Amino acid sequence: MSTPRTPDTPSIVEQALHTALYAAPDTPALDTAASLLAADPDADGELARRGEEFVAAAWRRGWQPADVVRVVRRELDDVHVRIATALILAQAPHDDRPRGRRWTEQLADLDRGHRDPGAAPRSDRFSHATAVLELYRLLLRLPTLEPVDEPLRQHPAPHAESRTLARIRALLAKAEATGYPDEAEALSAKAQELMARHSIDEALLAARTPATDAPGACRIGVDAPYEQAKAVLLDAVATANHCRAVWNEPLGFATVVGFEPDLDAVELLYTSLLVQATTAMTKAEAAQRAGGRKRTKSFRQSFLAAYAHRIGTRLAAAAEQVTAETGKTAEAAHLLPVLASREVAVTAATDRLFPETTTARLRGVSDEAGWTEGARAADRAQVRSRRPLD
């Protein structure tokens with residue numbers, strides 16, 4: 001016989017959450033809580049609302065939509081990613097805090113993926129409740145992150161910026177699509193030169209409107225496998241584009257600090273170079289196997305490490321060459337002081353976000369053939385000064 005719930009009686013959702021979220025992981029509490037929820041369809045609405053509260057709490061601890069989905073994908077399964085995405089999108093209309101462009105773009109990306117009609121197979125109530133509780137347990141335990149809210153900007157120049165980024169994306173898309181490594185890496189070099197010119201133009205524009213621009217930050221995923229070598233590649237791209245990168249190995253991302261055009265450049269170029277490095281590595285490995293050598297983890301790790309090291313040197317040289325060429329123009333007297341002040345600002349912002357950092361030593365670089373092939377792949381980049389792009 002059932003009895004009505006009094007105001008002092010915990011709801012089914014409250015009982016389930018108390019049972020599942022705060023119990024030891026190796027107890028049967030999760031199954032018990034999931035059984036309670038599965039038996040009560042009327043609890044679904046309250047359970048979803050509590051999930052939105054967990055999401056809002058993550059925002060207060062410095063997380064962003066892409067960060068949450070990334071860590072869910074890293075720690076759990078696809079079903080948890082789908083549930084997390086739905087909660088984030090459901091919570092968004094109730095988020096009354098002003099958000100920047102990157103936040104909006106992250107929500108748009110999640111929404112596009114969530115609308116895929118073939119992406120969400122239906123599960124039974126018990127399995128669904130179990131997945132929800134597993135997700136909530138993860139959300140509850142998310143640590144506090146350094147804030148990377150975007151600073152307000154008085155001179156966004158949206159049309160000019162979008163045209164430049166579109167040209168850069170087009171160059172990198174061609175680099176990823178071509179089957180010729182020399183062409184791919186030359187296109188990447190052109191993209192870096194255009195990024196450097198765009199960065200200088202933005203710096204000079206900001207210098208004419210003092211106190212309206214400040215460094216920002218964004219997080220970029222650094223996924224397994226070979227995450228150390230990938231972090232080195234990201235650091236090289238960030239450094240070449242006047243940014244600083246700080247890698248959070250346990251959570252699988254790096255925080256990149258810099259001015260907005262440079263952050264865009266780092267995101268675009270790192271993603272493209274990672275695709276190209278993986279393609280080059282696959283071809284080099286196939287050649288090694290054809291010669292009788294077995295596929296090895298140390299070969300891939302060493303390949304990516306060498307690629308990152310050599311690409312970093314070449315990207316830096318390309319950026320310096322563009323700066324030197326620009327220094328010969330009529331605005332040369334303003335350029336070097338402006339760049340120096342922005343470098344100081346980026347360093348200061350990084351130190352505020354991360355007052356304590358350590359240097360990580362790259363492990364697993366022991367395969368001579370992998371290092372040699374990775375260096376050769378990077379050498380084909382031909383990162384050097386070219387004629388100005390229209």
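Reader: Leaving out residues up to four places away in sequence, which residues does Gln64 touch?

Author: This is a predicted model, and in it Gln64 touches Trp59, Trp103, Gln106, Val148, Asp149 and Arg219. As for its place in the chain, Gln64 sits in the loop between α3 (44-60) and α4.

Reader: Why is Gln64 called buried?

Author: Buried means under 20% relative accessible area. Gln64 has 9% relative accessibility, so it counts as buried.

Reader: How far apart are Gln64 and Arg219, in sequence and in space?

Author: They're 155 residues apart in sequence, but 9.0 Å apart in space, going from C-alpha to C-alpha.

Reader: Where does Ser11 lie, and why is Ser11 called buried?

Author: Ser11 is in the segment before α1 (12-21). Its relative accessibility is 6%, and the cut-off is under 20%, so Ser11 counts as buried. The Ser11 side chain also makes a polar contact with the side chain of Glu46, at 2.9 Å.

Reader: What makes strand β3 mostly covered?

Author: Count its residues: β3 runs over 253-258, and six of its six residues are buried. Phe253, Thr255 and Val257 point one way, while Ala254, Val256 and Gly258 point the other way.

Reader: Why do side chains in a strand go two ways?

Author: In a regular strand the side chains alternate between the two faces of the sheet.

Reader: How do you know that β1 and β3 pair?

Author: Two strands pair if there are at least two bridges between them. β1 (residues 216-221) and β3 have six bridges, so they pair, and they do it in the antiparallel sense. Cys218 stands opposite Val256 there.

Reader: And what makes β2 a partner of β3?

Author: Again, at least two bridges are needed. Five bridges join β2 (residues 244-248) to β3, so these strands pair too, running antiparallel. Arg244 stands opposite Val257. In the hairpin of β2 and β3, four residues lie between the strands, and Gly252 takes a positive phi near 75°.

Reader: Which residues have the most contacts inside the largest nonpolar core?

Author: Leu233 and Val256 do, in a core of 44 residues. Among the elements giving it two or more residues are β1, β3 and α10 (227-240). α11 gives the most, with 12 residues.

Reader: Which residues is Leu233 in contact with, leaving aside neighbours within four places in sequence?

Author: Leu233 is in contact with Tyr270, Leu273, Leu274, Tyr307, Ala308 and Ile311. There's also a second, separate core of 41 residues, which includes Ala43, Val69, Val72 and Leu142.

Reader: Why would nonpolar side chains gather like that?

Author: In soluble globular proteins, nonpolar side chains tend to be buried together.

Reader: How many residues line the largest pocket, and which lie nearest its centre?

Author: It is lined by 29 residues, and Arg102, Asp109, Arg219, Glu267 and Thr271 lie nearest the centre. About 810 Å³ of space lies in the largest pocket. The largest share of the lining, seven residues, comes from α11.

Conventions:
Residues numbered from 1 in each chain as written. Predicted model: local features only at pLDDT ≥ 70, side-chain atom pairs only at ≥ 80, totals over all residues. Heavy atoms only, no water. Buried < 20%, exposed > 50% of the residue type's maximum accessible area, 1.4 Å probe, protein only. Polar contact = N/O pair within 3.5 Å; in protein donor to acceptor, adjacent residues only side chain to side chain. Core = buried A, V, L, I, M, F, W, Y, C linked by side-chain atoms within 4.5 Å. Contact = heavy atoms within 4.5 Å. 1 Å grid on protein atoms, 1.4 Å probe; cavity = no way out; pocket = protein on both sides within 12 Å on 5 of 7 lines; lining within 4 Å. Points joined across faces, edges and corners; volume = space filled by probe spheres on them.
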